[in-house]
Amino acid sequence: MVNPDTNDLESEYEALLSFMYLSPVGIIRSDLAGFVDMLNPLAAQLLMPLVKDGDIENIFDSLASVAPELRNLVGSFEGERGAVCENHRVFVTPARDGAVVLACSIIKVGANLLMTVLTDISRQVAAERRARQTESWLAGIYTSVNDFAFFSLDAEGRIESWNPSVERLTGFGETDVVGHTLSRFYARDEIVMHRSPEHIALTRDEGWHVEEFWCDTKTGRRYWGQVLIAVLREEGDDISGYSVVLRDVTERKVSSDNLARLLTTDHLTGVSSRAHFFEIAETEVARAERHGRALSVVMLDADYFKRINDTAGHQAGDEVLKRIAGEAKGLLRTSDTVARLGGEEFILMLPSTTTSEAVAVAERLRVAVERARIDTAVGTLKATVSLGVATLSTANPTLQSLLAAADRALYDAKRAGRNCVRGEMLNSTDVSCSPCEEGSMGQN
Amino acid sequence: MDNEFEAVRIAELAMLDADRLDGVPFGVIGFTSDAIVTVYNATESKNAGLRPKMVLGKHFFGEVAPCMNNFMVAQRFEDEDVLDDIVPYVLTLRMRPTPVRLRLLKATDCATRFVLIERRATN
């Protein structure tokens with residue numbers, strides 16, 4: 001009696017066996033008391049290391065050392081059938097990196113039938129542990145950090161996460177910022193070079209982007225913020241969003257402003273330095289020509305300054321210079337500039353000022369210096385200045401010729417006896433002139 | 001029978017031809033350092049219900065005996081240069097828990113490694 005289906009059956013059987021053999025999850029069939037009647041190789045692979053005597057007759061006994069609660073779980077399950085537990089974690093080795101962890105699911109299939117599934121989830125648990133470590137590391141940073149905030153943007157550039165560091169820096173809570181763009185942080189009147197979404201486009205192109213601008217906190221306190229945006233990529237190169245670090249760098253801006261001031265002002269007197277004067281003078285000349293407006297300069301010089309230094313000392317001389325500069329600054333409008341050209345020589349740059357207007361200013365300055373009583377360590381000093389006025393014109397079309405004309409006028413003033421104002425194309429009778437005195441060390 | 005299971009030396013096993021191996025009363029599986037099965041005797045074939053051609057040339061721990069793919073068996077062949085040990089075990093042939101004794105054999109001067117399988121009780 002040859003059964004023509006025998007070969008098919010045999011192949012089917014072998015195929016089924018192979019299917020069960022190669023299953024990547026452990027499967028165990030037992031009764032309610034845990035006595036095993038069927039199990040696949042992976043189940044044995046996972047259970048064998050747990051049992052001392054190489055016997056896995058009973059699944060609860062086998063797991064007793066690491067999951068003693070399973071027997072009770074089954075015992076207290078009241079339903080006729082259903083899941084007793086799902087992915088119940090069994091820690092085979094103590095919890096640490098590299099620990100072996102199993103997931104155990106037990107299903108009651110009938111009155112006295114349990115199906116148990118065992119899988120090795122060690123790698124997954126390790127990944128979870130690493131993620132938790134990273135999270136607590138991050139939390140450690142943003143709870144302790146004081147002067148920067150970090151958060152993330154979604155792919156469209158809208159703020160999608162918030163943490164306490166944001167509030168600490170900017171004053172904004174979660175509901176204030178989530179869903180908004182970076183402009184949430186800008187100062188109200190701030191002209192920002194690249195507003196969202198330009199920030200984002202630039203970041204996409206370069207991978208990252210840094211920018212600085214004035215910001216306002218929630219309460220309106222202004223600070224100079226620096227923002228660093230970097231692309232966050234999904235696997236496969238899609239941009240999933242952006243990470244942002246926002247820092248308060250006001251201190252740095254203030255010192256760089258200070259630095260700028262340092263580089264452009266004369267240290268002693270606080271007026272513009274010679275170098276800075278020449279930088280802006282060319283601009284002023286060009287502007288005057290472009291708009292057809294007058295531009296005048298007043299070059300001045302402390303009288304008998306060498307004598308003051310020799311008799312009263314250099315410190316006293318410095319005080320004199322400071323006072324002259326101070327008087328000059330006091331006379332100026334915002335568009336005017338006073339600079340120290342060197343030694344005891346100063347220059348006033350007066351845009352939109354005619355010759356006669358400049359002469360009037362020069363005269364006011366002369367009088368102010370003459371009247372000044374300068375306190376020094378060696379007593380109260382008096383001083384005077386000589387002043388030369390020149391105006392941009394066809395005769396003096398360039399900065400160089402303008403300065404040369406002012407210099408000649410100053411020379412005239414010196415020759416005329418000092419403590420007076422001279423200008424080209426001016427008669428000496430047009431300008432009032434006080435009797436000249438030698439710089440004296442009068443005690444008042 | 002027990003004596004031969006416990007006493008036979010790996011060098012002797014390596015020299016037996018197929019017929020002699022088939023006459024051995026316990027299961028003999030031999031594999032290379034890459035775990036490819038090169039020896040599979042009749043006793044084991046009968047006990048396991050697997051035809052030799054289903055087993056020879058396959059990866060022992062990956063395809064033939066995944067239940068032994070742990071630190072108790074497979075890892076020991078990796079870690080230890082010389083192996084001669086008997087461990088109690090449970091096989092899952094035809095998905096039935098089958099208590100056995102395994103003898104693990106490995107030597108530096110022998111290209112083939114062996115797992116000997118003695119069934120504890122007859123079902």
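Student: How much of chain A is buried?
Tutor: Of the 444 residues in chain A, 42% are buried, meaning under 20% relative accessible area with a 1.4 Å probe and protein chains only, while exposed is over 50% and partly exposed lies in between.

Student: What sort of model and numbering is this?
Tutor: This is a predicted model, where local features need pLDDT of at least 70 and side-chain atom pairs count only at pLDDT 80 or more, though totals for chains, interfaces and linings use all residues. Residues are numbered from 1 along each chain as its sequence is written, chains are lettered from A and ligands numbered from 1 in the order in which they are written, and side-chain values use heavy atoms, with hydrogens and water left out.

Student: OK, salt bridges. How many over all chains?
Tutor: The count is 25, taking a salt bridge as a side-chain nitrogen of Lys or Arg within 4 Å of a carboxyl oxygen of Asp or Glu.

Student: Which residue does Arg340(A) pair with?
Tutor: Arg340(A) bridges to Asp266(A), with the closest N and O atoms 3.3 Å apart. Arg340(A) sits in strand β11 and Asp266(A) in the loop between α9 and α10, 74 residues apart. Strands are DSSP runs of E with at least two residues, and helices are runs of H or I with at least four, numbered from the N terminus.

Student: Are those two buried or exposed?
Tutor: Arg340(A) counts as buried because its relative accessibility is 16%, and Asp266(A) is buried too, at 15%.

Student: What about Asp301(A), where's its partner?
Tutor: Asp301(A) meets Lys414(A) in a salt bridge at 2.7 Å, N to O. Asp301(A) is in strand β10 and Lys414(A) in helix α14, 113 residues apart. Asp301(A) and Lys414(A) are both buried.

Student: And Arg415(A), which residue does that one meet?
Tutor: Arg415(A) meets Asp412(A), 3.3 Å from N to O. They are 3 residues apart in helix α14, so about one helical turn separates them. Arg415(A) is exposed at 61%, whereas Asp412(A) is partly exposed at 30%.

Student: Switching to chain B: how many residues are in contact with chain A?
Tutor: 21 residues of chain B are in contact with 20 of chain A, contact being heavy atoms within 4.5 Å.

Student: Which salt bridge is there between the chains?
Tutor: The count between chain B and chain A is 1, and Arg96(B) forms a salt bridge with Asp37(A), the closest N and O atoms being 3.6 Å apart. Arg29(A), Asp37(A) and Arg96(B) are linked in a network of salt bridges.
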